Amino acid sequence: MILKSKIVNRFKINFFVMLSMALGILLAVIAGLYFNLPGLAMLFGLSAFLAPFLIINKLKRRFIYNSEIEFNEDFFKIIVDDINKGENITVYWKDIKSYKPRLPNGLLTKGWLLINFKLRKKGSKRICLFDETLKESKTDNNIFDSSSFLVFQKYISSYNRSTADPDEQIILLPNFLASQIGYYSIIFLTALIGFDIIYRMTHPSNASNLGVIAVVIIMYINMLFQRKKDQKLYEELISKS
């Protein structure tokens, strides 16, 4: 089976997004700590949050590539139309130990489908697809609206049914934020943010750098939404498996 698809160079897109945010945060730190201008620090902090929205369309045009995915009972193979834009990937089902599908939270990544395949030997294969059916979905990024994921799920289920030994089957695992370790990490981060806020309230001289704090809180809230989304996704996949 051949599936027309689009591959997202997630590393390069994230690099430029994070670079734009880091520049805004750096300017906020300089304005707040060195020039004691809290208003300007807040402005730069806000720019760090807004910058990705200003550049994301250009990044998508440059770093999302047309491709084909070939499926059969032994493996799947991703073939990029222009080899200069990315490498072809072949993964055999028997080499996969587990997989973690994920739908990133946020407007910038609507239509993205991430799947992390952990291999039985050391290492993993991570793919990021841009799925038009997922982007156009009326629901809240329901993974079962993704034609790409449904094909992956079909072949994974078929492989598991044909494999008698449970230890050789491909296991579905929760993403980091939906796991127990992710849960305790969020608790620890909550405590750190709470301590920092209390410290700044009781030490006004250290409360000037509000721009950085605003960015951290925004990222923290996004993490909470992503955890909720990852939990819901995992529960739905388990119930339908």
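Author: The largest cavity is lined by P101, L172, L173, P174, N175, D230, L233, Y234 and L237, where lining residues have an atom within 4 Å of a point. This is a predicted model, in which local features need pLDDT of at least 70 and side-chain atom pairs pLDDT 80 or more, while totals for chains, interfaces and linings use all residues. Numbering starts from 1 along each chain as its sequence is written, and side-chain values use heavy atoms, without hydrogens and water.

Reader: Which helix gives the largest share of that lining?

Author: Helices are DSSP runs of H or I with at least four residues, numbered from the N terminus. Four residues of the lining come from one such run, residues 210-240, and this is the largest share. The helix is α6.

Reader: How many nonpolar residues does the lining of the largest cavity have?

Author: Nonpolar covers Ala, Val, Leu, Ile, Met, Phe, Trp, Tyr, Cys and Pro; Asp, Glu, Lys and Arg are charged, and the others, Gly among them, polar. The lining has one polar and one charged residue. The nonpolar count is seven.

Reader: What percentage of the residues in the protein is buried?

Author: Buried means under 20% relative accessible area, with a 1.4 Å probe and protein chains only. The protein has 241 residues, and the buried part of them is 38%.

Reader: What share of the contacts with a separation of 6 or more joins residues 24 or more positions apart?

Author: A contact is a pair with heavy atoms within 4.5 Å. Among contacts in the protein with a separation of 6 or more, residues 24 or more positions apart account for 61%.

Note on methods:
1 Å grid on protein atoms, 1.4 Å probe; cavity = no way out; pocket = protein on both sides within 12 Å on 5 of 7 lines; lining within 4 Å. Helix = DSSP H or I, 4+ residues; strand = E, 2+ residues; numbered from the N terminus. Buried < 20%, exposed > 50% of the residue type's maximum accessible area, 1.4 Å probe, protein only.
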